[in-house]
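Let's take a walk through this structure together. Keep the sequence and the 3D view open as you read, and find each part as it comes up.

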Amino acid sequence: MKQAGIIGHPLGHSLSPVVQQAAFEQSGLDVRYERWDTPPPALASRIASLRWPGCLGANVTIPYKESVLPFLDELGGQSARVGAVNTVVNRDGRLFGFNTDGPGFVASLRNEASFEPAGKRVLLLGAGGAARGIAFALAEARAAELAIWNRNPERAVQLARDVAAAGAGVRQVGSVATAGYELVVNCTSVGMQGGAAEGASPCGFDPAPPGALAVDIVYRPPETPFLAAARAAGFRVMGGLSMLIFQGALAFELWTGVPAPTDIMFEAARQALRAERLA
């Protein structure tokens with residue numbers, strides 16, 4: 001039996017173990033996917049353990065998507081430009097870092113919301129590891145304009161500078177106003193179930209332009225205060241479950257070389273969420 005897992009701290013909220021284990025079993029692969037809650041002092045040793053021949057690699061989540069980079073041997077895909085990694089792949093003892101957040105997000109837009117980001121004006125809330133991957137992917141998808149807001153303005157400024165080289169019109173904004181944006185994305189943890197700001201939204205909403213979409217990458221609860229406010233303003237809305245599945249599917253394929261059974265992954269996640277609500 002081989003191993004894979006998710007590295008973060010804390011990890012009580014993650015659906016990745018349910019989703020990935022279902023994918024391995026459906027694909028007939030003898031792999032056990034584990035929850036590796038890793039306090040900061042243990043990060044280096046945890047990453048080193050991924051070099052074991054029986055380990056495929058790991059997903060990486062909050063708060064390590066950026067701090068994990070120095071422990072890796074090589075960066076693949078767009079992760080070097082993004083400066084954040086959410087997937088580590090063990091190839092003969094060498095650790096390769098990838099970022100599937102951005103491509104997974106764009107795939108979720110296209111497959112679940114029938115939304116094409118090319119030519120659209122986008123407002124992105126947040127500048128952490130997930131936001132970095134999403135910002136670069138939206139630039140590569142030829143979004144017409146990308147405005148970035150963050151509670152810490154300096155981080156938003158830095159992200160805007162980093163993404164500008166990808167060719168999109170990128171700028172930092174000092175306040176949140178959604179007027180005129182066709183896509184508004186919450187990449188912060190505001191509104192997350194069990195978080196410090198569980199009942200809050202990072203912004204209010206002006207009336208939506210025709211066809212506009214609001215996306216929260218949080219998937220617990222299924223409708224956050226951010227999405228409820230967006231719906232009331234006339235936006236179409238999408239929660240974070242689709243991004244979770246599509247970025248996880250890309251990670252699965254990097255580890256295994258096998259097409260991910262996304263329908264099975266969706267169903268496993270939905271069953272787990274239903275069970276939580278009934279508990």
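Start at L124, whose bridge partner in β10 is V185. The model you're looking at is predicted, so local features need pLDDT of at least 70 and side-chain atom pairs count only at pLDDT 80 or more, while totals for chains, interfaces and linings use all residues. Residues are numbered from 1 along each chain as its sequence is written, and side-chain values use heavy atoms, leaving out hydrogens and water.

That bridge belongs to a pair of strands, β7 (residues 121-125) and β10 (residues 183-186), which run parallel and share four bridges. A quick word on names: helices (H or I, at least four residues) and strands (E, at least two) are DSSP runs, numbered from the N terminus. Two strands count as paired if DSSP finds at least two bridges between them. In general, strands of a sheet pair through backbone hydrogen bonds, either parallel or antiparallel.

Touching, or contact, means heavy atoms within 4.5 Å. For the angles, axes are lines fitted to C-alpha atoms, for helices over the stretch in contact, and values run from 0 to 180 degrees between N-to-C directions.

Have a look at V170, in strand β9. Is V170 buried or exposed? With 19% relative accessibility, V170 counts as buried; the cut-offs are under 20% relative accessible area for buried, over 50% for exposed, and partly exposed in between (1.4 Å probe, protein chains only). Setting aside neighbours within four places in sequence, V170 is in contact with L146, I148, A160, V163 and A164.

Over in strand β11 (residues 213-216) you'll find D216. D216 is buried yet has no salt bridge, and R231, the nearest side chain of opposite charge, is 11 Å away. For charge, Lys and Arg count as positive and Asp and Glu as negative, with His and the chain ends not counted. A salt bridge, in turn, needs a side-chain nitrogen of Lys or Arg within 4 Å of a carboxyl oxygen of Asp or Glu. Not counting residues up to four places away in sequence, D216 touches several residues, among them N186, F226 and M238.

There's another sheet to explore. This one is also open and has six strands, in the order β2-β1-β3-β5-β6-β4, with mixed pairing. Its edge strands are β2 (31-37) and β4 (74-75), each pairing on one side only. Strand β1 (residues 2-8) pairs with β2 in the parallel sense over seven bridges, and G8 stands opposite D37 in β2. Helix α1 (residues 16-26) packs on the sheet and touches β1, β2 and β3 (55-60), with its direction at about 170 degrees to that of β2. Helix α8 (residues 241-256) lies across β2, β3, β5 (87-91) and β6 (94-98), and runs at about 10 degrees to β5.

How many salt bridges does the whole structure hold? The search finds 13. In one of them, R155 meets E66 at 2.9 Å, N to O. R155 lies in helix α6 (residues 153-164) and E66 in the loop between β3 and β4, so the pair ties together parts that are 89 residues apart in sequence. R171 is in strand β9 and E145 in strand β8, 26 residues apart. R171 is partly exposed at 37% relative accessibility, whereas E145 is buried at 17%. Salt bridges link R121, E145 and R171 in a network.

Finally, the cysteines. If a disulfide is a pair of cysteine sulfur atoms within 2.5 Å, the count here is zero. Take C203: the closest cysteine sulfur, in C187, is 12 Å from its own, too far for a bond.
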